[in-house]
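User: Here is the model I mentioned. Please take me through it a piece at a time.

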Amino acid sequence: MASKIGLVIRREYMERVSKKSFIITTILMPIVMVALMLAPALIMMMSTTDTKTIAVIDDSGAIAQYLEGNEEVHFITPDQPRDSVMADDSLFGVLVIERGILTGNSAAKLYTNAAGSISIESNIKSQIENIIETEKLKAYNIENLDQILDDVRTPITLQTFRNEQGKDESSSSSSAISYAIGVAMTFLLYMFLLLYGQMVMTSIIEEKNNRVLEIVVSSVRPQQLMMGKIIGIGLVAVTQILIWVILMTVISSIVLPALVPADMMSQASAFNAGTIDASTLNADPDLLHAISIFGNVGYILEIFGYLLLFLIGGFLFYSSIYAAIGSAVDNIQDAGQLQSVVVFPIIIGLIFAMTAASDPNSTMALVLSLVPFTSPMVMMVRIPFGIPSWEIITSLVLLYISFIFMVWIAAKIYRVGIFMYGKKPTVRELIRWASYK
Amino acid sequence: MDLLTVENVSKQYTGHKALDDVSLAVPEGSIYGLLGPNGAGKTTLIRIINHITAPDSGKVILDGHQLTADDVAMIGYLPEERGLYKKMKVGEQALFFAQLKGLSRSEANYRLRQWFDRFDINNWWNKKVEELSKGMAQKIQFIITVLHEPKLLIFDEPFSGFDPINAALLKDEILRLRDNGATVIFSTHNMSSVEEICDYMTLINRSRNILSGRVADVKASYAEGRYDLTFADDPSAIAEAITPMVQNHVIFPRENGRTRMSVKLNPDAQLRDLIEIANKNADLRGITESVPSINDIFIKAVEASNQ
């Protein structure tokens, strides 16, 4: 009997893994993800190629000479009369600074000939604020003002650490990085649950539609067929993740050390251990943190280990509902409405996971990460923040208990559904089928 | 010796009874026709025999013991509505189904190669099923059904969709399997094929078994005392003369210079008396015993049981 399930699993697995589309998506997906992450940076690099010119008409006479241009914008003070400057549309814009600006009685106005830019606006605003601040400080006639200001303005670095008792060292943590990892993992989980769950459903509908089912069930019990299919497709998902884990491990332990300069690597590890001297720090702390995380194979394995546990539990839970739906309908169009039973809670889970990402310790986040319908997504987003392990274990136990229950119900619906042709059933009918002897 | 007996099997679905106290016995080594109008309950009965669904009451005995899930290895089933995995290669797919029936991979491979040789289809092995025509796919399905050499074969409308050449090939194969010791259950509403190849039959109508027995016996029981007489002239003159010895008579419209009269003799009347009267009063040209076709019996029995 067990070997029959084995045969079904093997068939389902081989059919998918040997497909070209599987191999292509497995390779392309990480590339697309990296590309998506790098895209904003690339776009910025490309858009800074042309420098915009802003003409400054300074009625106060206190600002214009201190404005500093950068690669994005540079300032000119034109000699022409105001009207002709305003009419010159070769300029990006005209900045008019009114007389009372130092006393705060009037504003600076920017007239643009093209669409405005947030970065230019905030650049101008902060420059003017700084200039006014400096001007006003000068008015107090303090001695050695420049020296004092230099001394006062000290850049600081905020490092956060997980305070873990029982461990000798506290490990470094960063909310920004945890947030990014949590959200990325949750999206991955969400995508896999929907994609592979639907694959189970489509495959069952196909089997029913072309009547190969009639031949298969004369050798295999319907429940065995359903379980074999779910496990076989689940293994495809696990395979895909494992391939990525191996890729990341290779990148982390071989490629990353080769790419990143040695002094940055040593800074990253010192940073992670909390022994770094802030005055020697010459890189962005978040970047260092990211490097130290991607360079930490143990951490990658841990996070993906959790991902797999929640993926398997969540997949078995949701795909058995998908299987029940697939067995009940004749074609994918009919499945649309019934599918909302699955898609709805998954999307709700995703939405709440986003909320939980900004406050992982709220009661709502805790509760939703324990309820099986939403727990895979919400728990996955919280794990990178470092939460008590009892919460993770409870969540997993609840998820696994409920998937056994869900599989049991789905098998009952499936057994009836696969022989029902023609009529499109309702959710109520599905529930009634589950109660058949 | 009966290979399969079905005893008082009933099966209820919500709102309707699919099988109502059905019993039948399939003798070993026979071809057994399972007849009935659409929706009579044939497919439900076949699913119960295949251990796909369980009966509400009654039992199924196969080869001397009550049917269990392991017995499916002894059964080969070709469903009426059948398909194959479209994206899978023919050989790989046949191996998969053979292994599901309990054959080892190497044994399955060996037997498949023999069948592929027999049907001369070795070049299909690495084709995907979606590349095959319907008739080709049906051959593969047939091979899959019989490959594990089951004792009991169940064919549900096997000839539907076959072209005449392949239907003849299939018929020969079924007869050959029977001769090699297999027992065949044959579900159909194609009556002529029943007459050609079935030894026994059961007629199911409205969830009940309304007629069972040897095909020859069933036909004889419906033939009793019915004769067709052919005349060169008008036989209405003799109608009165034969009235005492027949239960009824029918004169058909004249056709090609002949008039046909069908009569049913009283049980105590003698055929030679009928011939004598007919010969004396009209120009009698021929007489045959009219044996009803299974088709006639089917319609008659179904109509009678529907009343």
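User: Starting with B:Glu81, what is its relative accessibility?

Analyst: B:Glu81 has 41% relative accessibility and counts as partly exposed. Buried means under 20% relative accessible area, exposed means over 50%, and partly exposed is in between, with a 1.4 Å probe and protein chains only. This is a predicted model, in which local features need pLDDT of at least 70 and side-chain atom pairs count only at pLDDT 80 or more, while totals for chains, interfaces and linings use all residues. Residues are numbered from 1 along each chain as its sequence is written, chains are lettered from A and ligands numbered from 1 in the order written, and side-chain values use heavy atoms, with hydrogens and water left out.

User: Which residue forms a salt bridge with B:Glu81?

Analyst: A:Arg211, with the closest N and O atoms 3.7 Å apart. The pair joins two chains, because A:Arg211 lies in the loop between α6 and α7 (212-216) of chain A and B:Glu81 in the loop between β6 (75-78) and α2 of chain B. A salt bridge here is a side-chain nitrogen of Lys or Arg within 4 Å of a carboxyl oxygen of Asp or Glu. Helices (H or I, at least four residues) and strands (E, at least two) are DSSP runs, numbered from the N terminus.

User: How many salt bridges over all chains?

Analyst: The search of the whole structure finds 31. One of them is A:Lys208 with A:Asp330, the closest N and O atoms being 3.6 Å apart. A:Lys208 is in helix α6 (residues 175-209) of chain A and A:Asp330 in the loop between α11 (297-328) and α12 (332-358), so the pair ties together parts 122 residues apart in sequence.

User: Are those two buried or exposed?

Analyst: A:Lys208 is buried, at 1% relative accessible area, and A:Asp330 is buried at 17%.

User: And which residue meets B:Asp283 in a salt bridge?

Analyst: B:Arg285, at 3.0 Å from N to O. B:Asp283 is partly exposed at 31% relative accessibility, and B:Arg285 is partly exposed at 48%. There is also one network, in which salt bridges that share partners join A:Arg11, A:Glu12, A:Glu15, A:Arg16, A:Glu207 and A:Lys229.

User: Switching to chain B as a whole. What is its radius of gyration?

Analyst: Chain B has 24 Å, whereas a compact globule of 307 residues would be near 19 Å. The radius is taken over C-alpha atoms, and the globule rule is 2.2 Å times the number of residues to the power 0.38. The C-alpha trace spans about 75 × 45 × 35 Å along its principal axes. Chain B has 10 helices and 14 strands, and 51% of its 307 residues are buried.

User: Which non-glycine residues have a positive phi?

Analyst: B:Glu149 has one of about 45°, and B:Ser207 has one of about 70°. B:Glu149 sits in the loop between α4 (134-146) and β7 (152-156) of chain B and is exposed at 59%. B:Ser207 sits in the loop between β9 (200-205) and β10 (208-214) of chain B and is buried at 10%.

User: What does B:Glu157 touch?

Analyst: Not counting residues up to four places away in sequence, B:Glu157 touches B:Glu80, B:Arg82, B:Ser187, B:Thr188 and B:His189. Contact means heavy atoms within 4.5 Å. B:Glu157 is in the loop between β7 and α5 (164-179) of chain B and is buried, at 7% relative accessible area.

User: Over to chain A. Which strands does β3 pair with?

Analyst: Strand β1 (residues 52-58) runs parallel to β3(A), joined by 5 bridges, and strand β4 (residues 108-112) pairs with β3(A) in the antiparallel sense over 5 bridges. Two strands pair if DSSP finds at least two bridges between them. A:Ala55 stands opposite A:Val94 in β3(A), and A:Leu95 stands opposite A:Leu110 in β4(A).

User: Which way do the β3 residues point?

Analyst: A:Gly93, A:Leu95 and A:Ile97 point one way from β3(A), A:Val94 and A:Val96 the other way, and all are buried.
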